[in-house]
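Please look over the sequence and the model, then go through the points below by topic.

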Amino acid sequence: MSDTTTSSPPSRRSGLNLHVLGPVLALLALIALGAALNGNFLSYGNVTNVLARSAFIGIIAVGMTFVITAGGIDLSVGSMAAFVAGVMIMAMNAMIPALGVGVPLIIAGMGVALLAGLAAGLVNGFLIAKLGIEAFIVTLGSMGIYRSLVTWLADGGTLSLDFAARSFYRPVYYDGLLGIAWPILVFALVAILGELAMRHTPFGRHCAALGANEQVARYSAVKVDRTRMATYVLLGMLVGVATIMYVPRLGSASGSTGVLWELEAIAAVIIGGTVLKGGFGRVWGTVVGVLILSLIDNILNLASIVSPYLNGAIQGIIVILAVVLQREGKSAD
């Protein structure tokens, strides 16, 4: 397959690319603000807690970066995570009599989560790429389906992992390597691989080409349907990875699991500089976007400036502002 021309990042003025520096400057400003408002903000415990909690959304947001770069969107990732977590918990509970509580059970549970995420992403990708249904419609529908399914599986309550299995599984979230929690390490690995895939592989370039102009990409021998479906499958598998790191934290799943995760993932991608209409994506920017959203939430909790219940509203405002700035930057070009 040959490479194609992709859209360039907007807003390069006077030799200073504000589109690149903007998210980084915003992150530094938030760190300074948080340190000024609360003396414990930069403590090891708080920083570790913020990074570990960011890992779930961050892992999903890396996959969302590819979907949006290719001109798509996925509104179902939050409910998909709840569904995958529910299926994973039910499968692990069912396998305990055969496997017992130990490493084989944990590995089997991880495999179930990855397969469930892959299947969910494949369904979304097939409906969008092969049947030509709008991504917004498909993922809006699947969002409701997955949320209803996990609520039905839990009979309106909560699906809980067996207590002994949960105790054995807890180190996957609470332990780590060299003092760094496993979710942070996994998030870092996913982000590095995602950035390399976006910048240095045909898949990343084809995603950008597809998002910039589908017809041009098709004439340039890009396998459009396969690339589009692959982005949703990748996102589904990363939802499975995030679920693997999330389940040992609470050991349960319900209809309220993963609420607003789709908003946070999309917000992180847009804040990080990926163009909402597709054609340009930046995984490292998404990582910065995730950290910005997490720090806003952390500062709200520590400083009591604004009610933490308004966090979703603040994230929504940030998304709107980021899209407005992207449009203004494009007009200025």
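Helix 1 is the largest contributor to a nonpolar patch, giving 4 residues. The model is a predicted one.

**Nonpolar surface patch**

- The patch covers about 560 Å² of the surface and is made by L21, L25, L28, I31, L42, V47 and L51.
- Two helices, helix 1 (18-37) and helix 2 (44-69), each supply at least two residues of the patch.
- One of the patch residues, L25, is found in helix 1.

**Helix 3 with helix 4**

- Two packed helices are described by the angle between their axes and by the distance between the axes.
- Helix 3, residues 77-99, packs with helix 4 at an angle of about 145°, and the two axes are 8 Å apart.
- The crossing of helix 3 and helix 4 is right-handed.
- Sorted by class, this contact holds 18 nonpolar and 4 polar residues, with no charged residues.

**Helix 4 with helix 5**

- Helix 4 spans residues 103-130 and helix 5 spans residues 135-153; their axes come within 9 Å and cross at roughly 150°.
- This crossing, too, is right-handed.
- On the helix 4 side the contact residues are A120, N124, L127 and I128, and they meet A135, V138, T139, S142 and Y146 of helix 5.
- The residues of this contact divide into 6 nonpolar and 3 polar, with no charged ones.

**Helix 8 with helix 13**

- Helix 8 (residues 182-200) and helix 13 (residues 283-303) have axes 8 Å apart and pack at an angle of about 145°.
- From helix 8, F187, A191, G194, E195 and M198 meet V283, W284, V287 and V290 in helix 13.
- By class, the residues of this contact are 7 nonpolar, 1 polar and 1 charged.

**Salt bridges**

- Side chains of opposite charge can pair when their charged atoms come close.
- How many salt bridges does the structure hold? There are 3.

Technical notes: Residues are numbered from 1 along each chain as its sequence is written. This is a predicted model: local features need pLDDT of at least 70, side-chain atom pairs count only at pLDDT 80 or more; totals for chains, interfaces and linings use all residues. Side-chain values use heavy atoms; hydrogens and water are left out. Axes are lines fitted to C-alpha atoms, for helices over the stretch in contact, and angles run from 0 to 180 degrees between N-to-C directions. A crossing is left-handed if the near helix is turned anticlockwise from the far one by less than a right angle, and right-handed if clockwise. Contact means heavy atoms within 4.5 Å. Ala, Val, Leu, Ile, Met, Phe, Trp, Tyr, Cys and Pro count as nonpolar, Asp, Glu, Lys and Arg as charged, and the others, Gly among them, as polar. Patches are made of residues with over 30% relative accessible area and no salt bridge: like charges are joined within 9 Å, nonpolar side chains (Val, Leu, Ile, Met, Phe, Trp, Tyr) within 5 Å. Accessible areas come from the Shrake-Rupley method with a 1.4 Å probe; for residues, only the protein chains shown count as cover. A salt bridge is a side-chain nitrogen of Lys or Arg within 4 Å of a carboxyl oxygen of Asp or Glu.
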